[in-house]
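Please have the sequence and the model at hand while reading.

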Amino acid sequence: MTRINSSPYGKTPFQKLLGHNVEVMDTWSALGEVLERDGLLSAQLKEQVRRTLAQSNGCAYCKAKGKPDPHHFDENTSVAVGFAEVFLSYPKGMVPDFAFEVLKEHFSEQEISELCAFISFTVAQQYFGAVMKLEATEAE
């Protein structure tokens, strides 16, 4: 059971918790939609990164959407997922330079920026879900 009641606003259980402030919910959701869709990086790559992050960030709702699926990995997805794992293993985003050197062998600076923005935003979403105790049984 979540720590607070759902609001009447929003489409998903996650949005309904944010919906207590509709402007926050709308803006948060809009940014999520931009970051999750195909951009410089594919939505499929980003979904595998999201699944990787979800395994460690304490949000049961996020974990319920599945573990990373190596059948969907290409070389770039493997590198991005590996970077996400390194990100998770260091405190507060203190990712070592060697991890960025590996990224630079596979991605442009624009793609690295998108990946890091996606990871940062996704971690924030997953922390919100964890703090609110959003349960997997409430999954879409």
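The largest nonpolar core of this predicted model has 22 residues. Those with the most contacts inside it are V49, L53, F83, L103, F107, L115 and I119. Helix 3, helix 5 (75-89), helix 6 (97-106) and helix 7 are the elements that give two or more residues to this core. Helix 5 gives the most, with seven residues. In soluble globular proteins, nonpolar side chains tend to be buried together.

I119 shows how the parts meet. Not counting residues up to four places away in sequence, I119 touches V49, L53, F83, A84 and F87.

**Helix 5**

Helix 5 has 15 residues, which at 1.5 Å a residue should span 21 Å. At its start, a side-chain oxygen of D74 reaches to within 3.2 Å of the backbone nitrogen of N76. The buried residues of helix 5 are T77, V79, A80, V81, F83, A84, V86 and F87. What covers them includes helix 3, helix 6 and helix 7.

**Helix 2**

Helix 2 runs over residues 22-36. Its 15 residues should span 21 Å, and the end C-alpha atoms are 21 Å apart, which agrees. Which residues of helix 2 are buried? They are M25, S29, G32 and L35. Seen down the helix axis, the buried residues fall within an arc of 125 degrees, so they line one face of helix 2. The face turned away from this buried side carries the exposed residues E23 and T27. Cover for the buried residues of helix 2 includes helix 1 (13-18), helix 3 (43-54) and helix 7 (109-131). At the start of helix 2, a side-chain oxygen of N21 comes to within 3.2 Å of the backbone nitrogen of E23.

**Aromatic pairs**

The structure holds five aromatic pairs. Two of them are set out here.

| Pair | Ring centres | Angle of planes | Class |
|---|---|---|---|
| W28 and F128 | 6.2 Å apart | 45 degrees | tilted |
| F83 and F100 | 5.2 Å apart | 75 degrees | edge-to-face |

The pair of W28 and F128 links distant parts of the chain. W28 is in helix 2 and F128 in helix 7, 100 residues apart. W28 is partly exposed, with a relative accessible area of 21%. F128 counts as buried, because its relative accessibility is 18% and the cut-off for buried is under 20%.

F83 lies in helix 5 and F100 in helix 6, so their pair ties together parts that are 17 residues apart in sequence. F83 is buried, with a relative accessible area of 4%. F100 is partly exposed, with a relative accessible area of 25%.

F14, W28, F121 and F128 form one aromatic cluster.

**Q125**

Q125 is found in helix 7. Is Q125 buried or exposed? At 15% relative accessibility, Q125 counts as buried. Its side chain makes a polar contact with the side chain of W28, at 3.4 Å. Leaving aside neighbours within four places in sequence, Q125 is in contact with F14, W28 and E36. Two of these contacts, F14 and W28, belong to the aromatic cluster.

Definitions and conventions:
Residues are numbered from 1 along each chain as its sequence is written. This is a predicted model: local features need pLDDT of at least 70, side-chain atom pairs count only at pLDDT 80 or more; totals for chains, interfaces and linings use all residues. Side-chain values use heavy atoms; hydrogens and water are left out. Helices (H or I, at least four residues) and strands (E, at least two) are DSSP runs, numbered from the N terminus. The expected span of a helix is 1.5 Å times one less than its number of residues. Buried means under 20% relative accessible area, exposed over 50%, partly exposed in between (1.4 Å probe, protein chains only). The arc is that of the directions from the helix axis to the C-beta atoms. Contact means heavy atoms within 4.5 Å. A polar contact is a pair of N or O atoms within 3.5 Å; within protein, one must be able to donate a hydrogen and the other to accept it, and residues adjacent in sequence count only if both atoms are side-chain atoms. A nonpolar core is a set of buried Ala, Val, Leu, Ile, Met, Phe, Trp, Tyr and Cys residues joined through side-chain atoms within 4.5 Å. Rings of Phe, Tyr and Trp (its six-membered ring) pair if their centres lie within 6.5 Å; planes under 30 degrees apart count as stacked, over 60 as edge-to-face and the rest as tilted.
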